[in-house]
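User: I have a structure open and would like to go through it. Can you help me read it?

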Amino acid sequence: MTQEHAHPHPEDEGPPSEHEIMSRAMQELLEEKGLITGEQVRRRMELFEQEFPQRGSRVVAHAWTDPAFRKRLLEDGKAACAEWGLDLEADRLIAVENTPQVHNVVVCTLCSCYPRALLGMPPTWYKSENYRRRVVREPRAVLKEFGTVLPESVAIRVHDSNADMRYVVVPLRPAGTEGWTEEQLASILTRDTLVGVALPRA
Amino acid sequence: MTPSAYAPAPQRRFNVGERVRVKQADPPGHRRTPAYVRGKEGAIERVCGAFPNPEELAYGFDGEPKRVLYRVRFHQHHVWPGYEGAPHDVIELEIYEHWLEAA
Amino acid sequence: MNRNPADIGGETMGEMSGPIDTVDHGMKFWEKQANALRNTLTGSRVVRLDELRRAAEELGSRYYALAYFERTTEALRNLLLEKGVFTQDALERKMDEVRRRYDA
């Protein structure tokens, strides 16, 4: 069991950092004390790698094609997902829709709260101090850094995920996607569009 | 029972649309009310529900009694002096009831 | 003046602020494992997410010196020491053991 924990992975070249050693050591101590098992940790890694990251695009693609689901999703994101068969674990999901008048963007200024069970791990930029510092105060300048420019006629609505709720953006469905399957629609609903720093492109 | 993003909050001080002000306070310890909205005025956007108080959970207490959490909408130009975006830009945060006063 | 090093929303004026690296650099294997560990611990209620956040805030000025997963690892360590799940001594011994396995 201990051999497996210490086995360096090919993608991680070079000696392990002190923090990597610390993290592995803590995990082993916790396992030895019977507080967790290696299997639990492996299972979480699998979920984060394979399951969670695909969900957001599928949920929003479904909302684009099914008005009743869209309505339900906007009313109660967690309930709509549960009814559709997706367990979002602890995430209290609120879905916010972009309209021709309003563009939504999400941040957690205090740490890195993010709907992980819907989108997987947050990108490094979302967790970065400069995103957390700046997007609440100068959202248009920040969006521009991501290549997203919105006219003054569109209001920017920033959501600071600072307590118990989690957010996903329902982008505007672009022209030219009429008749697309949900799978095709999901393919343009990238993670960045669901956090609000990018717009989906047909 | 279907999971929900929200929890019930039958006993609450505020309702959707009401104008509120975030307390201007700087207590030590774990708080989920960012400094940038303290002292600012906004409106209740939605009631999230009653949850255990994170300020207590952070220290190993059970966070009871639960506190009501609200989403509050602020106009950006009310939050930041010299805000450079559009006049209708807004920012929305989750604020616990004990951090709010009627405005 | 704000004592919480994590409470940085709106601090755009200081020398600490700057452009955002908009590329997602992903996670190394150990970071994915650290994330899964953290998730497993909160799921089993060994620790609470709120406690982890508070422990990160208590890093004080060290908060800014550490990268994201370094911060979460130190916060977790401090919290588990606080809760008496293991001692500093036991952790150091285990870290030496892990370090030796890499060197071997």
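Analyst: We can start with chain A and then follow the strands.

User: Anything to know before we start?

Analyst: This is a predicted model: local features need pLDDT of at least 70, side-chain atom pairs count only at pLDDT 80 or more, and totals for chains, interfaces and linings use all residues. Residues are numbered from 1 along each chain as its sequence is written, while chains are lettered from A and ligands numbered from 1 in the order in which they are written.

User: OK. How many helices and strands are in chain A?

Analyst: Chain A has 11 helices and four strands. Helices (H or I, at least four residues) and strands (E, at least two) are DSSP runs, numbered from the N terminus.

User: And what box do its C-alpha atoms fill?

Analyst: Roughly 55 × 35 × 30 Å, taken along the principal axes.

User: What share of chain A is buried?

Analyst: 47% of its 202 residues. Buried means that 20 or more other C-beta atoms lie within 10 Å of the residue's own; exposed means 12 or fewer, partly exposed is in between, and C-beta atoms are placed from the backbone.

User: Now the sheet. What is the strand order?

Analyst: The order is 2(A)-3(A)-4(B)-3(B)-2(B)-1(B)-5(B), an open sheet of seven strands with mixed pairing. Two strands pair if DSSP finds at least two bridges between them.

User: Which strands are at the edges?

Analyst: Strand 2 (102–107) of chain A and strand 5 (100–102) of chain B; each pairs on one side only.

User: What holds paired strands together in general?

Analyst: Strands of a sheet pair through backbone hydrogen bonds, either parallel or antiparallel.

User: Back to strand 2 of chain A. How many bridges join it to strand 3?

Analyst: Six bridges join strand 2 to strand 3 (residues 155–160) of chain A, and the two run parallel. A:Asn104 has A:Arg157 as its bridge partner, and A:Val106 stands opposite A:His159.

User: Is strand 3 of chain A mostly covered or mostly open?

Analyst: Mostly covered: five of its six residues are buried.

User: What joins strand 3 of chain A to chain B?

Analyst: Four bridges join strand 3 of chain A to strand 4 (residues 90–96) of chain B, again running parallel. There, A:His159 stands opposite B:Glu92.
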